[in-house]
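Here is a short report for a first look at a protein model. Keep the sequence and the structure in view as you read.

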Amino acid sequence: MTTVLKTPAGWPSILLARAAATVPAGTDPTDLDIAVRRGAFEGLKRAVRDLGPAGTIATVASSGLRGRGGAGFPTGEKWRAAAATQARRRYVVGNGYGADPSSFTDRALIEADPYSVIEGLAIAAYAIGATEAVLAVRAEDVQAVQRLEAAVAAAEEAGFLGPDLLDSGHDLAVTIRPVQGAYMLGEETVLLKALEGRRGQPEQRPPHPTERGLFGMPTVVQNVQTLAAVPWILVNGADRFAAIGSKASPGTILVQVRGADKAGVAEIPVGTPLREIVPLAGSLGRGRTLKAILVGGPSGGILPPELLDTPYEFDALRAVGAHIGSGSVVLADDRACIVDLGRLLTSFCATEACGKTIPCRIGTRRLVEIVERATTGRPKPTDLQLLADLSADIVDSALCDHERLTTLPLTSGMRYFGPELDAHLLRSSCPAGVCRPIAVAAGAAS
Amino acid sequence: MSFVPGLGIVKGMALTLRRFFEPKATIKYPEERPDQSPKFRGRLQLLYDEYGTLKCETCFQCAQACPIECIDMGGIDTKGRYHVHWGPPETYGERRDESALRRSGRTVPDKAYEHFESIDLTAVDGILEDHDYDPKKMLEILEGVQAAYGFLPVAAIKRISFKTGAWYALIYGTASYYDHLRFERPGDIAQGAAVDAHRPGEVAFLAGLDGALHGAKHKSPAATGKVH
Ligand SMILES: Cc1cc2nc3c(=O)[nH]c(=O)nc-3n(C[C@H](O)[C@H](O)[C@H](O)COP(=O)(O)O)c2cc1C
Ligand code: SF4
Ligand code: FES
């Protein structure tokens, strides 16, 4: 499913630039010679030979790069915090887990250009003074794991990694760690727990992982797309990067689009309006109209077509009740029932919630119960209010972002598809004819 | 000292009422330790002799006596790992037999456990050796054991606990969190299906998502994996 979709001519490419089809298809992406000819490890050389650790951090910070893992935290700031923490050891962790089962963005990147991720990892490690770096990948993505392992071995052999890399005096051991078995592994504190061999439940922050992370040492956790953007920034300059995409979040990002007949990964400049992303997913099918766009994966927001002008950008999406999340943009046609879609998403998120805290263990479960009452035609008169109150309480009291985001499908559904939700909750009827309202109420259905 | 009927209960209730309106505090023992009278019988303390060395001789008598089995002894080994130093079973002699054995890290001749015990532990020992008995490599160890046996036998987890010094409950907690680790024999279809139904997982989600986007009829809650 990791098809890379063509974007309109003129759209910039950063993450997949090297992997782009300048070389005949079928070349092995783990071939170090080809990769080096295409510019691999130029960024690392520049960091080591010209910039030095502090200069590297300053360049990344001035490029305005923000984390592609979902939260959009400024990368330079993260590195600065980790470098400033006194410690015997530091770690860099590349997060290539790709938690969302319907999104293959990180996997597409790793498979297409493993060296860009490894190079970014090495630059981050050099910049903050880390001697160990771990790259966590999904164990199910066998090809991604194999390519990364081959790439790390080749790069070590060539002296780009390992002891005294590029004669810089800096040692770096890179480990590929396949992990599996839980959606929550994508969350950074959970991923660190898994790397420590423990039960994967999130930790309270602060202290942030940049202060106390893997084995209690300062750790920079970075999404693989974030890492892959770093070499480009060092080679082409922070200013050129800052000029691409939107002002508040420059650069490009991978999105996973999913429409009726087409699904795939595309690289787009951050801040592209949703209107221009939707056509990448192909047509909806004859006679079908767009009813809603799910932005952000299982815990994403369900947006109406009126919001198609929203830029695909961290802050703008937050403001309309969605988020970048796993980078997935999914189209629902006019046959879909928003409440049923909300039920599916919420129950997936609730099942995957770790169970550590009450909003997580009980709050999300109650959300599912409310929406299941709605889709089976047995709502309670107070359910609408309860849904609103409970969502607000979960957002206020959550330990990790997962619970906060779990409320999004239903709250955005409430916000933009109010009449449809009301039909379920107040009249036990499903306008789209998807759910099973009880027999009595079905008579009164719209 | 005249006898007033009911005075006792009035006094008692007065104390209750007073306490009732006093502010309450939850003290997070052991991070915070309130002042306790030296005479307080619940006070846990290790005493030092006049040379400043601990008087405790690790005789395990306290562990033996503790009615809720909350006392044990531990320390840091040469690799900086914390181990509980289990006493020999005899030291727990006043306890129920199984409890004494379990605490000393031996296998328990408990009827309920018997059918779990008949596995050959050589593979577990090899895996543990490969990972240096390091509890930080717990996921690798568990994945290795599952690859060797097809599931995580109780006896294997006990062995891991004994060898790495990690609590059994901790290992169980880790193993039960990850979906790909299982405690059921692969042959046990009914049990496996029940586990799968409870955690429908990604395949079910993807299928459901594709359906929901095009208005496919929604299945009964039972079919979506919710267990009532
Ligand atoms: C439920 C949940 C799932 C997440 N899944 C992923 C993921 O699959 N991949 C990822 O890179 N970040 C994921 N994140 C975000 C990480 O916690 C973390 O913010 C990110 O890896 C930091 O890297 P960045 O600054 O480069 O974005 C997830 C967060 C949450 C709350
Ligand atoms: S019920 Fe409460 S106390 Fe018991 S295991 Fe769950 S969270 Fe812990
Ligand atoms: S998912 Fe359990 S605390 Fe966030």
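## A helix and its neighbours

Which elements do the buried residues of α17(A) pack against? They pack against β7 (290-295), α12 (338-352), α13 (358-375), α14 (383-397) and α16 (408-416) of chain A. Helices (H or I, at least four residues) and strands (E, at least two) are DSSP runs, numbered from the N terminus. Helix α17 of chain A covers residues 418-427. Gly418(A), Glu420(A), Leu421(A), Ala423(A), His424(A) and Leu425(A) are its buried residues. Buried means under 20% relative accessible area, exposed means over 50%, and partly exposed lies in between (1.4 Å probe, protein chains only). An α-helix has 3.6 residues a turn, so residues three or four places apart point the same way. Just after α17(A), Ser428(A) has a positive phi of about 50 degrees.

The side chains of Glu420(A) and Lys291(A) form a salt bridge, at 3.1 Å from N to O. A salt bridge is a side-chain nitrogen of Lys or Arg within 4 Å of a carboxyl oxygen of Asp or Glu. Glu420(A) is in helix α17 and Lys291(A) is in strand β7, so the pair ties together parts that are 129 residues apart in sequence. Glu420(A) is buried at 10% relative accessibility. Lys291(A) is buried too, at 17%.

Residues are numbered from 1 along each chain as its sequence is written, chains are lettered from A and ligands numbered from 1 in the order in which they are written, and side-chain values use heavy atoms, with hydrogens and water left out.

The predictor's confidence in each residue is its pLDDT, from 0 to 100. Chain A has a mean pLDDT of 90, and 96% of its residues reach 70 or more. Over residues 439-446 of chain A, the pLDDT is below 50. Beyond near neighbours in sequence, this stretch has five contacts in the model. Contact means heavy atoms within 4.5 Å. Where pLDDT is low, the predicted coordinates should not be read in detail.

## Where two chains meet

Arg258(A) lies in strand β5 (residues 252-258) of chain A and Asp210(B) in helix α10 (residues 201-213) of chain B, so the pair joins two chains. Arg258(A) is buried at 5%, whereas Asp210(B) is partly exposed at 33%.

## Inside the chain A fold

Thr219(A) is in strand β4 (residues 219-223) of chain A. Is Thr219(A) buried or exposed? Thr219(A) is buried, with a relative accessible area of 0%. A polar atom of its side chain lies 2.8 Å from the backbone nitrogen of Leu214(A). The side chain of Thr219(A) also reaches the backbone oxygen of Met217(A) at 2.8 Å.

Arg205(A) forms a salt bridge with Glu187(A), with the closest N and O atoms 2.8 Å apart. Arg205(A) is in the loop between α7 and β4, Glu187(A) is in the loop between β3 and α7, and the two are 18 residues apart. Arg205(A) is partly exposed at 27%, and Glu187(A) is buried at 15%.

Most residues other than glycine have a negative phi, and most peptide bonds are trans. The peptide bond from Arg205(A) to Pro206(A) is cis, with omega near -10 degrees. Another cis bond joins Pro206(A) and Pro207(A), with omega about 5 degrees.

Asp164(A) has a positive phi near 50 degrees. Leu166(A) also has a positive phi near 50 degrees. Asp164(A) is partly exposed at 36% relative accessible area, whereas Leu166(A) is buried at 13%.

Technical notes:
This is a predicted model: local features need pLDDT of at least 70, side-chain atom pairs count only at pLDDT 80 or more; totals for chains, interfaces and linings use all residues. A polar contact is a pair of N or O atoms within 3.5 Å; within protein, one must be able to donate a hydrogen and the other to accept it, and residues adjacent in sequence count only if both atoms are side-chain atoms.
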